[in-house]
Amino acid sequence: MQRFKNKFALITGGTNGMGYATARQFIEEGGFAIITGRSTATVHKAVTELGENAFGIVSDAGNMQDIFQLQESVKHYTNTVDLLFVNAGYGKFAPVEYADESHFDELFNMLVKGVFFTVQQILPLMKSGSSVVFNTSFVTGTGTPNFSVYSAAKSAVQSFIKTFAAEFTEKGIRVNGISPGHIKTNIFNNTGLNQEQIEGAIHGIISEIPFKRQGEPSEIANAVLFLASQEASYIHGTELMVDAGISVIRP
């Protein structure tokens, strides 16, 4: 399929995991992908792997200086963005009594403030028929110990889906979100856990997933690109759960 022939996607956090998989599939379907990442090395590596239809920008989703420069950086490659996948982020988790101000600010700056202003800055490059897709999380639907700040931040993004959709309707820009379950990504890399602890956490998580496996990044990419395609032309202001049913099925 060539659903995105000659179209441009901007994917924040596109050097690995869900963002990378989305960029790869977008390119395979005829488009060009601009990805962002915090490290020059990881951005260069991902762009090299993705090929000539990929472009990279070193940009930190939690750094306002980088975000306010993003529009000009994108203009080096295109004046029109057809898909904005606001994906960049990671998790840090702590009990309420141990979560300090820096923990709170780090997550809210990246997952809420950064998300809001990323869309604001790219909006002038988006025309009627384009699409914004937010990355939320299934954790917003339940109370999970140690997830208070992360869940609150993702709940704010969940709210953006509705309010941005209401504002962008007259512009002809559709706004939706995907809510991933447990996906094979590097989300644990910034938690401070060692490899053994990470493997133990994943083992415990898998036992609670209805399909008894983590999702593949490509399964999230399929959902994002469906929402960005004309196949979803009547879907607006919606959050699509891509979580193997973990948000509604209990073991």
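1. A salt bridge here is a side-chain nitrogen of Lys or Arg within 4 Å of a carboxyl oxygen of Asp or Glu. The model is a predicted one, and by this rule the count comes to seven salt bridges. One of them is formed by the side chains of Arg-3 and Glu-29, at 2.6 Å from N to O. This pair links distant parts of the chain, with its two residues 26 residues apart. Arg-3 sits in the segment before strand E1 (8-11), and Glu-29 in the loop between helix H1 (17-28) and strand E2 (32-37). Glu-29 has a relative accessible area of 6%, so it is buried.

2. Lys-45 and Glu-49 are both in helix H2 (residues 40-50), four residues apart, which is about one turn of the helix. Their closest N and O atoms are 2.7 Å apart. Glu-49 counts as partly exposed because its relative accessibility is 46%, and the cut-off for buried is under 20%.

3. Glu-72 and Lys-75 also form a salt bridge, with 3.5 Å between the closest N and O atoms. Glu-72 is partly exposed at 40% relative accessibility, and Lys-75 is partly exposed as well, with a relative accessible area of 34%. Salt bridges that share partners join Arg-3, Glu-29 and Glu-231 into one network.

4. Arg-174 belongs to strand E6 (residues 174-180). Is this residue buried or exposed? Its relative accessibility is 11%, so Arg-174 counts as buried. The side chain of Arg-174 reaches the backbone oxygen of Leu-227 at 2.7 Å. Leaving out residues up to four places away in sequence, Arg-174 touches Ser-130, Ser-131 and Val-132, and also Leu-227, Ala-228, Ser-229, Ala-232, Ser-233, Ile-235 and His-236. For a sense of distance, the C-alpha atoms of Arg-174 and Ala-61 are separated by 22 Å, and these two residues are 113 residues apart along the chain.

5. Ser-131, one of the residues that Arg-174 touches, is found in strand E5 (residues 131-135). Ser-131 counts as buried because its relative accessibility is 0%. Apart from residues up to four places away in sequence, Ser-131 touches Asp-82, Leu-83, Leu-84, Met-126, Ile-173, Arg-174, Leu-227 and Ala-228. Leu-227 and Ala-228 are also among the residues touched by Arg-174.

6. The second largest pocket has a volume of about 180 Å³. Which residues lie nearest its centre? They are Phe-4, Lys-7, Ala-228, Ser-229 and Gln-230, out of 14 residues that line the pocket. The lining divides into four nonpolar, five polar and five charged residues. Ala-228 and Ser-229 are also touched by Arg-174, and Ala-228 is touched by Ser-131.

7. Thr-12 is placed in the loop between E1 and H1. With a relative accessible area of 6%, Thr-12 is buried. A polar atom of the Thr-12 side chain lies 2.8 Å from the backbone nitrogen of Asn-87, and one lies 3.0 Å from the backbone nitrogen of Ala-88. Beyond its neighbours within four places in sequence, Thr-12 is in contact with Thr-36, Phe-85, Val-86, Asn-87, Ala-88 and Thr-118.

8. Glu-239 lies in strand E7 (residues 239-242). At 23% relative accessibility, Glu-239 counts as partly exposed, whereas buried would require under 20%. Its side chain has a polar contact of 2.5 Å with the side chain of Thr-136. A second polar contact, of 2.8 Å, joins the side chains of Glu-239 and Gln-158. Setting aside neighbours within four places in sequence, Glu-239 is in contact with Thr-136, Ser-137, Gln-158, Ile-161, Gly-177 and Ser-179. Glu-239 and Ser-179 are 60 residues apart along the chain, and their C-alpha atoms are separated by 6.5 Å.

Methods. Residues are numbered from 1 along each chain as its sequence is written. This is a predicted model: local features need pLDDT of at least 70, side-chain atom pairs count only at pLDDT 80 or more; totals for chains, interfaces and linings use all residues. Side-chain values use heavy atoms; hydrogens and water are left out. On a 1 Å grid over the protein atoms alone, a cavity is a set of points where a 1.4 Å probe fits but cannot get out, and a pocket is an open set with protein on both sides within 12 Å along at least five of seven lines; lining residues have an atom within 4 Å of a point. Grid points are joined across faces, edges and corners, and a volume is the space filled by probe spheres set on the points. Ala, Val, Leu, Ile, Met, Phe, Trp, Tyr, Cys and Pro count as nonpolar, Asp, Glu, Lys and Arg as charged, and the others, Gly among them, as polar. Buried means under 20% relative accessible area, exposed over 50%, partly exposed in between (1.4 Å probe, protein chains only). Contact means heavy atoms within 4.5 Å. A polar contact is a pair of N or O atoms within 3.5 Å; within protein, one must be able to donate a hydrogen and the other to accept it, and residues adjacent in sequence count only if both atoms are side-chain atoms.
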